[in-house]
Amino acid sequence: MKGRGVLTGVHFMHGDHACAEGAIAAGCRFFAGYPITPSTEIAERLAQRLPEVGGVFIQMEDEIASIVAVIGASAAGARAMTATSGPGFSLMMESVGLAAMMEIPCVIVDVQRGSPSTGLPTLPGQADVMQARWGSHGDYEIAAYAPWSPQEMFDLTVLAFNVADRFRIPVMVMADEVVGHMVERVVIPPEDQIPRWERKRPRYPAGDGFKPFLVEDEDLVPPMVHAGEGYRVHFTGLTHDERGYPDMSAETHHRLVTRLVEKVRRNASQMIRYDTYALDDAKIVVISYGCTARSARRAVADARRMGIPAGLLRLISLWPFPADVVRELARQADAFIVAEMNLGQMICEVERYVSQPVKGVFHAGGAMIPPDPILQAIREVAFHGPRAGGGKASAG
Amino acid sequence: MRKEIRIAGFGGQGVVLAGYILGKAFAVYEGLEAVMTQSYGPEARGGSSSSNVVVSDEPIDYPFVLEPDVLILLSQEAYTRFRPTAKPDALVIIEEDLVQPWPDDRPLRIPATRLAEGLGRRIVANMVVLGFFTAVSGLVKRESVEKAIETTLAPRLVPLNLKAFATGYEYCVKEQAR
Amino acid sequence: MAHALVAEKHPLDDLIRRDRMPHIWCPGCGIGIVMRCYAQAILESGIPVERHVVVSGIGCTARVPGYMNLDSYHATHGRPIPFAIGLKLAKPELMVTVFSGDGDLAAIGGNHLIHAARRNVDIKVICINNFNYGMTGGQVGPTTPLGAKTTTTPYGNPEHPFNLPYLLAAAGAVFVSRWTTLHVRQIKQDILYSFRKPGFTFIEVLSPCPVGFGRPNDIEDGVEEMRIYRRRSQLVYRVPDEVPWEALEVDLREERPIYVGRFVDREREVFQPVRR
């Protein structure tokens with residue numbers, strides 16, 4: 001059943017399928033998942049494709065089992081992934097913390113739908129973006145990317161694997177139903193042009209005194225030992241010392257958790273991705289992500305045609321949040337507008353870093369926010385001042 | 001240039017495949033930007049089916065069809081539902097045996113299912129209608145759609161589908177000549 | 001010349017993380033006995049130690065991997081089985097054993113347990129059943145007998161317990177046995193046997209928890225529970241020919257047999273991601 005790994009070429013591809021192909025191209029060889037709209041096409045594609053490249057696909061009994069099997073497979077050395085939507089994402093949250101604590105890389109794709117609860121299974125939402133950051137208990141940090149096209153479903157899935165492996169953290173691809181179910185051109189590069197960041201591997205031989213969580217590098221990432229290599233290491237979700245042994249002291253706990261958080265903060269520049277449009281002289285900065293950013297770009301283009309100095313900052317990495325970029329924009333901008341398909345989530349993050357008024361263009365989900373309400377918000381701010389409309393508007 | 005195309009009918013008529021092949025012809029073989037979307041959820045139930053293609057010479061921001069420039073309607077339900085959404089000067093194509101247009105409407109007509117049955121398989125009516133559209137609209141080159149058909153379908157299905165496409169294309173040429 | 005009667009080296013030294021001793025288990029607890037059996041079976045398995053991996057969830061028994069000098073994974077509560085499935089499928093040459101308690105495996109992880117048995121994934125499960133949640137201080141669990149006292153059933157357990165061998169037999173395990181911590185030879189033999197038996201195997205070991213279960217239920221101490229095991233254990237060879245499946249339910253407080261033995265040993269196609 002050997003087939004082609006990387007489908008190099010120009011395709012007209014479904015977003016969920018592009019995500020699956022990104023995983024294959026990134027070297028993902030293990031997928032465990034549970035069917036859930038609108039992510040199911042990722043599982044279906046990988047059920048077909050993984051056996052072709054010698055990989056493993058398994059449909060588990062629920063999303064809890066799925067994420068845990070992914071972590072287990074990764075512990076054995078495989079690049080491993082699961083894909084889900086809101087309800088399943090919620091079920092996975094406990095073990096996101098396990099992956100963070102054990103420092104076992106994994107990739108979780110959330111094709112967001114209208115929520116909370118069962119919500120709108122077949123229609124889009126962007127209301128899981130704070131859950132991606134804060135969903136598990138305790139202090140930990142992750143990376144999360146928001147694709148706005150099938151092409152980015154491919155590219156950011158590759159990036160997610162690289163960031164996960166390089167920094168030994170869970171990484172989320174926070175897609176949405178629009179992008180997941182949209183068909184568009186996807187260019188898959190030749191295999192040797194797919195970026196690949198490897199896991200750090202042990203530098204010392206197995207033996208007494210080997211410390212699997214010993215950190216010797218500035219990046220705070222310990223090399224990773226896989227099951228079956230003779231190191232006989234212990235991984236636990238309990239607070240542990242450099243040997244991996246449980247240690248219930250406040251001192252060890254503070255040192256470990258601080259390192260896990262600091263590891264991501266210190267290396268954030270390698271994880272942060274964003275895109276800009278017409279920002280150079282922009283006085284009104286629109287910030288958006290995922291499918292909503294497509295409408296935001298149109299709104300900004302229309303505003304420019306009307307002579308309004310608007311620009312777009314598109315968040316590609318939601319987490320780590322590009323705080324420095326936003327701070328820098330705050331030096332030139334009169335006002336910020338955040339457009340997102342929820343009732344105000346990433347806007348809170350923007351408000352942390354700017355002193356200007358931030359206007360929200362929100363919708364609870366179910367349909368992509370069209371360009372018009374974003375353009376209207378830009379015009380209100382342009383013609384009536386940054387505090388026009390009382391701050392937060394609804395696109396509905 | 002932004003053109004919005006909607007193909008609608010009932011489940012089993014292959015409207016999603018037709019939309020995919022058309023979008024692929026634009027995006028891969030014409031060097032244009034194209035997005036295909038389809039209905040999911042409640043609006044996709046009840047046996048109705050539609051696919052939507054937006055094509056443009058610049059990046060497509062908003063991916064959905066709002067006011068179609070082209071409507072290809074293969075069922076009465078689709079006609080009733082979508083006919084009013086079209087732009088005033090829209091190109092409207094109907095499956096003439098399945099759609100009874102309103103008295104004041106003058107859509108283009110093709111007996112796609114009958115022509116497909118003439119080829120032995122009614123399921124290729126979607127390719128017949130795609131051929132008709134290609135010939136009448138001038139929006140896409142014949143070879144681009146043919147390449148999209150060849151690279152999308154399983155090899156054993158390609159000859160019949162190409163034949164169906166050619167049948168629709170030539171039907172249009174013939175009708176226009178008349 | 002006199003020699004001190006102290007062994008310099010124990011044959012199992014290499015398999016125990018001695019630097020982690022003393023362990024956390026209470027006096028009279030049976031978990032260490034089973035861990036020793038597991039270590040002995042590994043030694044006799046002929047499978048290189050590097051290929052043995054042990055996985056657990058949360059609980060007293062789940063601390064076993066932390067004391068075994070193997071690649072060991074101490075996962076979230078209830079989730080050792082999916083973790084083990086990931087390890088095994090990603091690296092089939094591993095011999096993956098799940099070592100956890102009845103609460104971890106049959107309550108919070110109960111769904112994974114039955115589905116792994118149904119799939120017949122090639123992992124080895126050793127389940128220590130001490131009839132309660134020990135680590136959290138003796139609460140009712142999925143195997144606590146009807147009427148038994150625990151800290152969360154002060155008026156007596158109003159629920160029926162799981163009959164684990166019956167459950168696993170129905171779910172599809174290819175090997176199901178039960179012993180008590182008195183049966184050290186049989187435990188070791190069955191672990192060894194399960195290493196050689198492809199598919200999902202399940203060994204239940206009844207084990208004293210004098211603090212959590214014994215004390216509130218008038219079982220004086222660990223030794224007293226071992227006496228109960230000795231007095232009442234009854235070997236069965238064929239279920240349901242000799243005794244019905246329902247008879248495998250255990251209640252230490254009642255003067256009735258505790259059936260032990262190999263209840264299931266059968267062949268079923270072993271799970272592979274793609275059937276050959």
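The legends below describe close-up views of a predicted model.

View 1. The predictor assigns the complex an ipTM of 0.96 and a pTM of 0.96. For chain C, the mean pLDDT is 96, with 99% of its residues at 70 or more. Of the 2 pairs of chains that touch, chains A and C have the most contacts. Chain B and chain C have no contact with each other, and their closest C-alpha atoms are 23 Å apart.

**View 2. An open sheet with strands from chains A and B.** The sheet has 8 strands in the order S1(A)-S9(A)-S2(B)-S3(B)-S1(B)-S4(B)-S5(B)-S6(B), and its pairing is mixed. Strand S1 (9-14) of chain A and strand S6 (108-110) of chain B are the edge strands, each pairing on one side only. On average, neighbouring strands are turned by 25 degrees against each other, direction ignored. Helix H4 (residues 125-137) of chain B packs on the sheet and touches S4, strand S5 (91-95) and S6 of chain B. The direction of H4 makes about 155 degrees with that of S5(B).

**View 3. Strand pairing inside chain B.** Strand S1 (residues 2-10) and strand S4 (residues 70-73) of chain B run parallel and are joined by 4 bridges. Within this view, Ile7(B) is placed opposite Ile72(B) of S4(B).

View 4. Strand S9 (residues 183-188) of chain A pairs with S2(B) in the antiparallel sense, over 2 bridges. Glu184(A) has Val35(B), in S2(B), as its bridge partner. The contact between the two chains takes 14 residues from chain B and 18 residues from chain A. On the chain B side, helix H1 (15-29) and strand S2 (33-38) each supply at least two residues. H1(B) gives the most to this side, with 5 residues. The side of chain B that touches chain A consists of 9 nonpolar, 3 polar and 2 charged residues.

**View 5. The two domains of chain A.** Domain 1 covers residues 9-193 of chain A and domain 2 covers 276-394. Their C-alpha centres lie 27 Å apart. The contact between them takes 23 residues from domain 1 and 22 residues from domain 2. On the domain 1 side, at least two residues each come from strand S6 (120-124), helix H5 (129-134), strand S7 (143-145), strand S8 (170-176) and helix H7 (177-181) of chain A. H5(A) provides the largest share of that side, 4 residues. By class, the side of domain 1 that touches domain 2 has 17 nonpolar, 4 polar and 2 charged residues.

**View 6. The contact of chain C with chain A.** Here 31 residues of chain C are in contact with 37 residues of chain A. Helix H2 (64-67), strand S2 (71-74), helix H3 (80-90) and helix H5 (110-119) of chain C each give at least two residues to the side that touches chain A. The largest share, 8 residues, belongs to H3(C). This side of chain C divides into 15 nonpolar, 9 polar and 7 charged residues.

View 7. Strand S10 (residues 234-236) of chain A pairs with S2(C) in the parallel sense, over 3 bridges. Phe235(A) stands opposite Tyr73(C), which lies in S2(C).

Notes: Residues are numbered from 1 along each chain as its sequence is written. Chains are lettered from A and ligands numbered from 1 in the order in which they are written. This is a predicted model: local features need pLDDT of at least 70, side-chain atom pairs count only at pLDDT 80 or more; totals for chains, interfaces and linings use all residues. Two strands pair if DSSP finds at least two bridges between them. Axes are lines fitted to C-alpha atoms, for helices over the stretch in contact, and angles run from 0 to 180 degrees between N-to-C directions. Two residues are in contact if their C-beta atoms, placed from the backbone, lie within 7 Å. Ala, Val, Leu, Ile, Met, Phe, Trp, Tyr, Cys and Pro count as nonpolar, Asp, Glu, Lys and Arg as charged, and the others, Gly among them, as polar. pLDDT is the predictor's confidence in each residue, from 0 to 100. Domain bounds come from an automatic or database domain assignment.
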